[in-house]
Amino acid sequence: MSKYRTETDTLGPVEIPANALWGPQTERSRHNFQAGPLMPMPVIRALLQLKKAAARANVAADVLPAPKGQLITRAVDALLALPDEKLQKDFPLHVYQTGSGTQTNMNVNEVISHQAAKLNPDLPILPNDDVNHSQSSNDTFPTVMNITAAIAVNQLLQAVNQLCSVLYSKAVTYARVVKIGRTHLQDATPLTFGQEISGWVAMMEHDQIALKQLQPNLFYLAIGGTAVGTGLNADPNFGKIVAGRLSDVYQLPLSAKTNKFAALAAHSEISVVHGAIKTLAADLLKIANDIRFLASGPRAGYGELRIPANEPGSSIMPGKVNPTQAEALTMAAVRVMGNDTTITVAASQGNFELNVYKPVIISTFLESADLLTKTVTSFTEKLAAGLTIHAPHMRALVDHSLMLVTALAPHIGYEKSAAIAQLAEQENLDLKAAAIKSGDVTAAQFDKWVDPLKMTRALAGAVSSA
């Protein structure tokens, strides 16, 4: 048996691997574009769902025979039932291809056509005339861009919410544990560790609110616009019906009620949502850095926190433990920041009626969301959940701090308080001894005025994340 079969498209005959479900346009693209990652599987699966919804909409509009619509549906269901690793083999095209995603759209059309032939060889299903009926790559691809982006946002929100929950429980646990604050990398007045954590939680909660507010921009779909936004060759209700069916599939309030010319020519909604993801990445970078620096040591660093020992930290230094989960999260965060530049520039390149950077926009968006979802989940499970404090060291740093002198300022003034701090530093005294030596404060006054827990203004047993 030959290893190849020959099929013909508008440019002529093409040899295709005998067992492949794809057709000539996929085969041409497979050889013409070989750089970069493969088209993400969420995009492929969303296109399959779209083709199923389109077949049903075309049958409803009486522009596709019901038997053909039913066979397309069966073919899509058979493909969707496959796990990613098996489905991937018939979708070999790369992200760096035509900027409209046309070749991936045709890859999906051809695979459905051949899968349908396996199910019923007596009823031919044509890739363009049947599977792609009432559609253009120019409206199908941006439709699945928005759908996959919206799903990815939901997954990311779930991961961040779990991290917030874990850290909030730590904030409650350590609500009255006093530690030294730091500003400008220098000692500052005390706060509780619960208060410090509450700041981290509030940052992420604000990021979640921003993402939830912006996500609905992704719910408006290009489907029904066909080639340039006019809807040529599609029933006027086609987009509405498809969006309705996809809403049921994904349990999202999707709508085709949008300006199709903008939907094809621009991807502002993806750009703005990714901007919120970038902001989240920046906050996660700060939080992960704070934790790994506060856990630095164990004897020559800040040493206030203890993090789980997940694996040996060095190939040469026995017993070393490194903050690897924080390192992974921070690397993911800086990647997302770079990705935001890619998306911003790509989204700006909508020339006339079509943006032709679509594959790189959605691939980059999904990479960012997936990176943060997975690294945040791992950070939550393998670091945050096991985070503990080195209480004696925290207490010693507070007791030794010169910035407790701030509590004296309302009673003896800024200048005299500064002189006490300088005296303590110059003569290596503790603050109380320096205060008494100055003659401006008695021992009783010092004990009354300098209470680190009171200085934090912490509420007993209560921590607010807002």
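The following questions and answers concern a predicted model.

User: Which residues lie nearest the centre of the largest pocket?
Analyst: The largest pocket has a volume of about 420 Å³. Its lining draws two or more residues from each of helix H2 (41-60), helix H7 (137-173) and helix H13 (358-382). Of the 19 lining residues, those nearest the centre are Pro40, Met41, Pro42, Gln155 and Leu366.

User: How many residues in the lining of the largest pocket are nonpolar?
Analyst: The pocket is lined by 19 residues. By class, 4 of the lining residues are polar and 3 are charged. The number of nonpolar residues is 12.

User: Is glutamate 27 buried or exposed?
Analyst: Glutamate 27 forms a side-chain salt bridge with arginine 30, at 2.9 Å from N to O. The two residues are 3 apart in helix H1 (residues 24-32), so about one helical turn separates them. Arginine 30 is partly exposed because its relative accessible area is 25%. Glutamate 27 has a relative accessibility of 3%, under the 20% limit, and therefore counts as buried.

User: What is the N to O distance in the salt bridge between glutamate 7 and arginine 5?
Analyst: Glutamate 7 has 18% relative accessibility and so counts as buried. Its side chain meets that of arginine 5 in a salt bridge, with an N to O distance of 2.8 Å.

User: Where is aspartate 447, the salt-bridge partner of lysine 432, located?
Analyst: The side chains of lysine 432 and aspartate 447 meet in a salt bridge of 3.0 Å, N to O. This pair links distant parts of the chain, 15 residues apart, with lysine 432 in helix H17 (residues 431-438) and aspartate 447 in helix H18 (residues 443-449). Lysine 432 counts as partly exposed because its relative accessibility is 29%. Aspartate 447, at 47%, is likewise partly exposed, and its place is helix H18.

User: How many salt bridges does the structure hold?
Analyst: A network of salt bridges links Lys179, Arg182, Glu196 and Glu304. For the structure, the count of salt bridges is 17.

User: What area is accessible in the nonpolar patch of Leu185, Phe293 and Tyr302?
Analyst: Tyrosine 302 belongs to the loop between helix H11 (268-294) and strand S5 (305-306). With a relative accessibility of 32%, tyrosine 302 counts as partly exposed. Together with Leu185 and Phe293, Tyr302 forms a nonpolar surface patch whose accessible area is about 340 Å².

User: Is threonine 226 buried or exposed?
Analyst: Threonine 226 sits in the loop between helix H8 (193-214) and helix H9 (238-250). Its phi is near 50°, a positive value in a residue other than glycine. Because the relative accessible area of threonine 226 is 3%, the residue is buried.

User: What is the phi of histidine 184?
Analyst: Histidine 184 is located in the loop between strand S3 (178-183) and strand S4 (186-192). A relative accessible area of 76% means that histidine 184 is exposed. Although histidine 184 is not a glycine, its phi is positive, at about 60°.

Technical notes:
Residues are numbered from 1 along each chain as its sequence is written. This is a predicted model: local features need pLDDT of at least 70, side-chain atom pairs count only at pLDDT 80 or more; totals for chains, interfaces and linings use all residues. Side-chain values use heavy atoms; hydrogens and water are left out. On a 1 Å grid over the protein atoms alone, a cavity is a set of points where a 1.4 Å probe fits but cannot get out, and a pocket is an open set with protein on both sides within 12 Å along at least five of seven lines; lining residues have an atom within 4 Å of a point. Grid points are joined across faces, edges and corners, and a volume is the space filled by probe spheres set on the points. Helices (H or I, at least four residues) and strands (E, at least two) are DSSP runs, numbered from the N terminus. Ala, Val, Leu, Ile, Met, Phe, Trp, Tyr, Cys and Pro count as nonpolar, Asp, Glu, Lys and Arg as charged, and the others, Gly among them, as polar. Patches are made of residues with over 30% relative accessible area and no salt bridge: like charges are joined within 9 Å, nonpolar side chains (Val, Leu, Ile, Met, Phe, Trp, Tyr) within 5 Å. Accessible areas come from the Shrake-Rupley method with a 1.4 Å probe; for residues, only the protein chains shown count as cover. A salt bridge is a side-chain nitrogen of Lys or Arg within 4 Å of a carboxyl oxygen of Asp or Glu. Buried means under 20% relative accessible area, exposed over 50%, partly exposed in between (1.4 Å probe, protein chains only).
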